[in-house]
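Hi,

Here's the structure I promised to pass on. Have a look at it first, and then read my notes below.

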Amino acid sequence: MRKFLQRLLSAWIIRMSNKFGSRPDRKRIHDALSKLYKTINQEPGKRGLIFEITDADKFIVLSDQHKGARNYADDFSLAEKNYLKALEYYNQDDFHYINLGDSEELWENLLESVIKHNKNTFEAEKAFIAQNRFTKIFGNHDLYWDNDPLAGFNLNRIYGKKIPIYEGAILRIKTGAGQLDIFLTHGHQGDLQSDGNWFSKWFVSTIWAPLQAYLQINPNTPAYDNQLKTAHNAMMYSWVAEQENMALITGHTHQPVFASLTHLERIYVKLKQAKKTKNKDELAFLNEELHKRIKEEDKPPRLGKYKPWYFNSGCCCFSDGDITGIEIENGFIRLIKWSYHKNAVPERVLLEEMKLSELFESI
């Protein structure tokens with residue numbers, strides 16, 4: 001019966017999850033991002049930190065692990081090996097780890113259950129804390145860390161230290177040409193399904209989680225999924241496009257975005273360029289890639305010219321076990337994924353990169 005219902009309902013559930021899982025409001029998003037950025041600048045350390053960085057500094061940004069109780073509603077379970085290998089790699093190479101929210105799935109699970117089933121991942125994160133290279137930012141599914149009076153006590157239980165919890169952070173880069181701020185926050189602010197909505201939390205914990213556990217369906221499609229930007233990502237891009245000397249990195253939507261484009265959008269842009277240069281080999285390759293990802297009746301989007309100022313880390317709970325994140329290292333910003341390779345061995349894969357100097361020049 002379960003397999004029959006999986007085949008019957010999987011596509012519909014994933015479609016409904018994408019459609020109704022987010023209710024972004026443009027004005028609320030813009031107001032919330034502006035307020036948080038202003039607060040961090042005026043009172044550093046209260047709602048977020050400001051890091052003055054150079055090309056020698058290294059950061060890895062990962063979000064949306066949604067660590068659960070290792071049942072069939074636990075989207076993180078398949079990705080755990082990739083996550084642990086990634087943290088081992090970044091800790092050995094002296095990266096500062098920014099955990100960008102929704103690290104723990106506390107809408108579906110009791111905190112005690114999450115602690116019990118995630119000891120290895122908490123120990124891996126703890127290794128960064130020991131070197132003072134860990135910043136934890138809350139999201140909507142782990143809002144507990146920001147507003148519960150027992151949060152500090154439980155952080156001490158998990159990490160052996162009551163670490164501070166923030167709503168955002170700023171990586172500030174100064175050069176002779178001026179200043180670039182890379183602003184980071186989870187990105188749920190302004191989402192009517194997530195921003196203080198008790199009904200959404202009740203629905204997820206009471207209705208969705210048991211249904212997902214029974215049907216064993218993970219709605220998070222693979223890391224390089226075949227979509228244009230979600231409405232929420234588009235609204236966050238529209239905010240940063242109005243700012244000066246700034247780039248924005250969020251999570252929340254589970255959709256990787258690099259320099260304001262998803263993978264599908266990037267194919268359309270490259271295809272347009274290949275047509276101009278009449279590059280037959282490139283045209284053939286890109287058309288083949290496009291046909292893998294769209295239906296015959298799909299129309300090309302109107303992309304226009306995007307400013308490359310918006311990035312999304314994706315998530316660490318894709319249904320194929322992949323995780324994605326944003327690296328900042330040696331003067332580059334990169335979109336990477338960790339994926340199971342031969343014999344299920346985790347492997348780091350570079351998806352996109354650009355020089356921070358190019359980002360600076362575009363701003």
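How many helices and strands does the secondary structure of the protein come to? The count is twelve helices and twelve strands, taken as DSSP runs numbered from the N terminus (helices are H or I with at least four residues, strands are E with at least two).

Some housekeeping: this is a predicted model, where local features need pLDDT of at least 70 and side-chain atom pairs count only at pLDDT 80 or more, while totals for chains, interfaces and linings use all residues. Residues are numbered from 1 along each chain as its sequence is written, and side-chain values use heavy atoms, with hydrogens and water left out.

Of the 363 residues, 52% count as buried, meaning under 20% relative accessible area (1.4 Å probe, protein chains only).

Now find helix α9, residues 231-240. Eight of its ten residues are buried, so α9 is largely enclosed by the rest of the structure. Those eight are H232, N233, M235, M236, Y237, S238, W239 and V240. They pack against α2 (26-42), β7 (178-185), β8 (246-250) and β9 (310-312), with contact meaning heavy atoms within 4.5 Å.

Next, look at α3 (residues 80-92) and α5 (residues 119-130). They pack at an angle of about 15°, with axes 10 Å apart; the axes are lines fitted to C-alpha atoms over the stretch in contact, and angles run from 0 to 180 degrees between N-to-C directions. α3 and α5 are therefore roughly parallel to each other (angles under 35 degrees count as that). On the α3 side, the contact is made by E80, Y83, L84, L87, Y90 and N91. From α5 come N120, T121, A124, E125, A127 and F128.

Cheers

Technical notes. Angles under 35 degrees count as roughly parallel, over 145 as roughly antiparallel, 65 to 115 as roughly perpendicular and the rest as oblique. Buried means under 20% relative accessible area, exposed over 50%, partly exposed in between (1.4 Å probe, protein chains only).
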